[in-house]
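Student: I'm new to this one, so please pick a single spot and take me through it closely. Then show me how the surroundings connect to it.

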Amino acid sequence: LELVDELKAKYGILLIDSKAQVSFKDAVEKLEGLADPPTDTGKLTGNWTLMCTTTTSKQGISGIDTSKLPFFNEGPLKDIRDKINQSLRVEQVIKA
């Protein structure tokens with residue numbers, strides 16, 4: 001969860017940075033490999049706050065290298081992006 005908190009703080013809920021996406025995917029796969037399948041799926045239903053997610057376009061493009069976009073990580077655009085990310089919250093409703 002520390003990695004998710006770090007990624008969310010740096011990129012927001014929707015991870016578009018390619019390196020962040022790889023880190024997130026690797027962490028999720030590792031966690032899923034260590035965790036036992038749930039015995040009571042009823043505990044999985046309800047309202048859940050989404051911490052982070054990735055996206056892939058219909059063309060299969062997944063992420064961009066934001067380190068190559070200096071305007072993305074500094075100045076007014078970063079300030080605006082940070083404010084939006086601080087204000088954004090995604091809640092999922094999981095039903096049985």
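Tutor: Let's start with Leu69, which counts as partly exposed because its relative accessibility is 24%. On this scale, buried means under 20% relative accessible area, exposed means over 50%, and partly exposed is in between, using a 1.4 Å probe and protein chains only. Before going on, note that this is a predicted model: local features need pLDDT of at least 70, side-chain atom pairs count only at pLDDT 80 or more, and totals for chains, interfaces and linings use all residues. Residues are numbered from 1 along each chain as its sequence is written, and side-chain values use heavy atoms, with hydrogens and water left out.

Leu69 sits in the loop between S3 and H3. Those labels are DSSP runs numbered from the N terminus: helices (H or I) have at least four residues, and strands (E) at least two. From Leu69 to Asp82 it is 13 residues in sequence and 16 Å in space, C-alpha to C-alpha.

Thr66 belongs to the loop between strand S3 (53-54) and H3 as well. With a relative accessibility of 2%, Thr66 counts as buried. Setting aside residues up to four places away in sequence, Thr66 touches Tyr11, Asp17, Phe72 and Asn73; touching, or contact, means heavy atoms within 4.5 Å.

Follow Phe72 for a moment. Arg81 lies over the face of its ring, 4.0 Å from the ring centre. To count, CZ of Arg or NZ of Lys must be within 6 Å of the ring centre and within 35 degrees of the ring normal.

Next comes Lys19, in helix H2. Lys19 is exposed, at 54% relative accessibility. Apart from neighbours within four places in sequence, Lys19 is in contact with Asp65 and Ser67. Lys19 and Ser67 are 48 residues apart along the chain, and their C-alpha atoms are separated by 9.5 Å.

Leu7 is worth a stop of its own. At 8% relative accessibility, Leu7 is buried. Leaving out residues up to four places away in sequence, Leu7 touches Gly12, Leu15, Ala20, Phe24 and Cys52. Leu7 and Gly46 are 39 residues apart in sequence and 25 Å apart in space, C-alpha to C-alpha.

Gly12 follows H1, and its phi is positive, near 95 degrees. The C-alpha atom of Gly12 is separated by 8.3 Å from that of Leu88, although the two are 76 residues apart along the chain. Leu88 is in the loop between H3 and S4, and is partly exposed, with a relative accessible area of 43%.

Leu1, Phe24, Val28, Leu31 and Glu32 lie nearest its centre, out of 20 lining residues. A pocket is an open set of points on a 1 Å grid over the protein atoms alone, where a 1.4 Å probe fits and protein lies on both sides within 12 Å along at least five of seven lines; lining residues have an atom within 4 Å of a point. The largest pocket has a volume of about 800 Å³, that is, the space filled by probe spheres set on the grid points, which are joined across faces, edges and corners. H2 gives the most to its lining, with five residues. H1, H2, strand S2 (46-49) and strand S4 (91-94) each supply at least two.

Now step back. The chain has three helices and four strands, running α-β-α-β-β-α-β from the N terminus on. Of its 96 residues, 18% count as buried. Among contacts with a separation of 6 or more, 75% come from residues 24 or more positions apart. The C-alpha trace spans about 50 × 30 × 25 Å along its principal axes.
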